[in-house]
Amino acid sequence: MRHLMSPLDFSVDELERLFNLANDIEKNREKYAHACDGKTLATCFYEPSTRTRLSFEAAMLNLGGNVLGFSDASNSSAAKGESVSDTIRVISCYSDICAMRHPKEGAPMVAATKSLIPVINAGDGGHQHPTQTLTDLLTIRSLKGSLSNYTIGLCGDLKFGRTVHSLIRALLRYEGIKFIFISPEELRIPDYIISELNDKGVEYTEVTSLDEVIGSLDILYMTRVQKERFFNEEDYVRLKDFYILTKEKMSMAKENMMVLHPLPRVNEISVEVDDDPRAAYFKQAQYGVYVRMALILSLLNLAPEVLTQD
Ligand code: CP
């Protein structure tokens, strides 16, 4: 039985096969409409979510399966003090696969050690968000044609943004990737990620000005300042609008630069940018459904060609 805790849990070859399956699902939805008949997905969300939870549920429903779960820990027995280990043992009796989001880093991993069914990390604190990374990689691969040889700017809250941490580590495995980290000093990328980049000899630059670098980017990955992970409101208010991507800034970018954002957006991308053909963040949300469909099929061993069998 395989779980998904980090995007590195799957080899590059396994990801290639997963993305091929996701693209086939995109083109041939009806072929997969009953692939999960009789199977049930549990979504255990101890933290708020729109896209991740609903796209997982949409994915399972598109596959003909069923869904159950909770979207608010206060409505589950976590409010009475139940551990994630006990919860997953019980969820294992009710479902075939579980997607779990938790504010504590490592909580889905603890659940996986006790689980009788595959567990998917749907975001754990400021740590990892592997299915967002699968979504990001599938979007880039589908719309740009490959996952190699790009200058990628990651902009905003690089300290607390788990989507950024997962994406950087996943992209380290591809050729010719250069990173430009764009953040205020207080929200710089964590040192452990910088150490990994140094160890692997990957090219990167850290800057505070988006204007200075936007013209050199192939992909701009905007992120929200993560209000829920700040220790005080004053710092959040000071930093929340540090970057706002506007039409004017887009005029300085390459004609084929792709703009991604894991969403939700607050103010960091002006709505006037939404109509720009380079804005790919809503398509990205759609790709999230296809890749989660492919992931569910793979972890349930209903697409045995995707994951290498031990
Ligand atoms: N991208 C993402 O994780 O969005 P949600 O928090 O709405 O799930």
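**Close-up views of a predicted model**

**Figure 1. Strands 8 and 9 pair in the parallel sense.** Three bridges join strand 8 (residues 219-222) to strand 9; strands are DSSP runs of E with at least two residues, helices are runs of H or I with at least four, and both are numbered from the N terminus. Two strands count as paired if DSSP finds at least two bridges between them. Val259 in strand 9 is the bridge partner of Leu220. The model is predicted, with residues numbered from 1 along each chain as its sequence is written; local features need pLDDT of at least 70 and side-chain atom pairs pLDDT 80 or more, while totals for chains, interfaces and linings use all residues. Side-chain values use heavy atoms, without hydrogens and water.

**Figure 2. The open sheet has five strands in the order 7-6-5-8-9.** Pairing in this sheet is parallel. Strand 7 (204-207) and strand 9 (258-260) are the edge strands, each pairing on one side only. From one strand to the next, the twist averages 15 degrees. Helix 6 (residues 162-171) packs on the sheet and touches strand 5, strand 6 (178-182) and strand 8; a contact means heavy atoms within 4.5 Å. The direction of helix 6 makes about 165 degrees with that of strand 5, where axes are lines fitted to C-alpha atoms (for helices, over the stretch in contact) and angles between N-to-C directions run from 0 to 180 degrees. Helix 7 (residues 191-200) lies across strand 6 and strand 7, at about 150 degrees to strand 7.

**Figure 3. Thr151 lies in strand 5 (residues 151-155).** Thr151 has a relative accessible area of 14% and is therefore buried (buried is under 20%, exposed over 50%, partly exposed in between; 1.4 Å probe, protein chains only). Leaving out residues up to four places away in sequence, Thr151 touches Lys178, Ile180, Ser216, Leu217, Asp218 and Ile219.

**Figure 4. The largest nonpolar core has 63 residues.** Such a core is a set of buried Ala, Val, Leu, Ile, Met, Phe, Trp, Tyr and Cys residues joined through side-chain atoms within 4.5 Å. Phe19, Leu154, Ile168, Phe179, Phe181 and Leu197 touch the most other members. Helix 11 (residues 281-299) gives the most to this core, with 10 residues. The core lies between domain 1 (7-128 + 288-299) and domain 2 (131-285), because both give residues to it; the bounds come from an automatic or database domain assignment. A second, separate core of 21 residues includes Val213, Leu245, Val259 and Ile269.
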